[in-house]
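Let's take a walk through a protein that may be new to you. Have the sequence and the 3D view ready.

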Amino acid sequence: MEGEAKIDRLPLDLLANIFVLITSFTDLAQASGVCRKWKQGVKQSLGRRDSLSFAGWKMDDDSTARLLRYAYSLRDLDISRSRWGCQITDTGLYRISLAKCIGNLTSISLWGVTGITDKGVVHLISRANSLQHLNIGGTFITDESLYVIANSCPHLKTIVLWSCRHVTENGLLFLVNSCRKLESINLWGTRVPVECFIALLTISPALQIKPKGLTYNVDASMLPVI
């Protein structure tokens, strides 16, 4: 059409492929406001992403849930705390849990998101049945979350509980006993006794407990002979 900008002649499918390359959510939001065609292109681009990271962005419940509504092919979700501060709350995790992609996620990071509790984590994790990698370090979760993780994530391979000081030996034992594919667990900064590490290795001798110094050189050779 005469007078039409060349970029406006791009098919919607190609426009969406271009938007997939944009990593700035601010830029995507601005692009979405250009015109109806660009807005549709942004939505389609979100549906083609297999990973999303909000680390480094100031996200809140509404903006995060709105973006995830269209990211139906997502496999990797990172909502780690940014230097600007993360505003995600239990309400946000509940809204995120309703997204179509949650059941297909293999990796979730909620590292350092201090505005969440067991209530929000339970909503989210109970629907993430394909989860293999979970980073929930630096939060205030308790054994209640560990019980739900254990019952909902049979494919879990790694979990980071860095500085989760409210988890106890009971929750950890239940988790390791239930998640038989678990390969690695980070317990730095927790308050569980060294006897707990021995008990975890008794259940799963190949389990890697990080950092290694936590185990005080405990290894399979120290386990009780049955």
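What follows is a short tour, from the whole chain down to single residues.

## Ground rules

This is a predicted model, in which local features need pLDDT of at least 70 and side-chain atom pairs count only at pLDDT 80 or more, while totals for chains, interfaces and linings use all residues. Residues are numbered from 1 along each chain as its sequence is written, and side-chain values use heavy atoms, leaving out hydrogens and water.

## The whole chain

The protein chain has 9 helices and 7 strands. Both are DSSP runs numbered from the N terminus: helices are H or I with at least four residues, strands are E with at least two. Of the 226 residues in the chain, 45% are buried. Buried here means under 20% relative accessible area, exposed means over 50%, and partly exposed is in between, using a 1.4 Å probe and protein chains only.

How much of the contact in this chain links residues 24 or more positions apart? Among contacts with a separation of 6 or more, such pairs account for 70%. A contact means heavy atoms within 4.5 Å.

## Two helix pairs

Two packed helices are described by the angle between their axes and the distance between the axes. The axes are lines fitted to C-alpha atoms, for helices over the stretch in contact, and angles run from 0 to 180 degrees between N-to-C directions. Angles under 35 degrees count as roughly parallel, over 145 as roughly antiparallel, 65 to 115 as roughly perpendicular, and the rest as oblique.

Start with helix 4 (residues 61-68) and helix 5 (residues 90-97), whose axes come within 9 Å and cross at roughly 10°. Therefore helix 4 and helix 5 are roughly parallel to each other. On the helix 4 side, Asp61, Asp62, Thr64, Ala65 and Leu68 take part, meeting Thr91, Gly92, Arg95 and Ile96 of helix 5. The residues of this contact split into 3 nonpolar, 3 polar and 3 charged. For these classes, Ala, Val, Leu, Ile, Met, Phe, Trp, Tyr, Cys and Pro count as nonpolar, Asp, Glu, Lys and Arg as charged, and the others, Gly among them, as polar.

Now look at helix 7 (residues 143-152) and helix 8, which pack at an angle of about 5° with their axes 9 Å apart. That makes helix 7 roughly parallel to helix 8. Helix 7 brings Asp143, Leu146, Tyr147, Ile149, Ala150 and Asn151 to the contact, and helix 8 brings Asn170, Gly171, Leu172, Phe174, Leu175 and Ser178. By class, the contact has 7 nonpolar, 4 polar and 1 charged residues.

## The largest pocket

The largest pocket holds about 260 Å³ of space. On a 1 Å grid over the protein atoms alone, a pocket is an open set of points with protein on both sides within 12 Å along at least five of seven lines, and lining residues have an atom within 4 Å of a point. Grid points are joined across faces, edges and corners, and the volume is the space filled by probe spheres set on the points.

Which residues lie nearest the centre of this pocket? They are Ala29, Ser32, Val42, Arg66 and Leu67, out of 13 lining residues. Helix 2, helix 3 (36-47) and helix 4 each supply at least two residues of the lining, and the lining divides into 8 nonpolar, 2 polar and 3 charged.

## Residues worth a look

Thr64 lies in helix 4 and is buried, with a relative accessible area of 0%. Leaving aside neighbours within four places in sequence, Thr64 is in contact with Phe54, Met59, Ile79, Ile88 and Ile96. Leu131 sits in the loop between helix 6 (118-125) and strand 4 (133-135), and at 0% relative accessibility Leu131 also counts as buried. The C-alpha atoms of Leu131 and Cys153 are separated by 5.8 Å, though the two are 22 residues apart along the chain.

Finally, Ser163 is in the loop between strand 5 (158-160) and helix 8 (169-178). Most residues other than glycine have a negative phi, but phi of Ser163 is positive, near 60°. At 18% relative accessibility, Ser163 counts as buried.

Notes: On a 1 Å grid over the protein atoms alone, a cavity is a set of points where a 1.4 Å probe fits but cannot get out, and a pocket is an open set with protein on both sides within 12 Å along at least five of seven lines; lining residues have an atom within 4 Å of a point.
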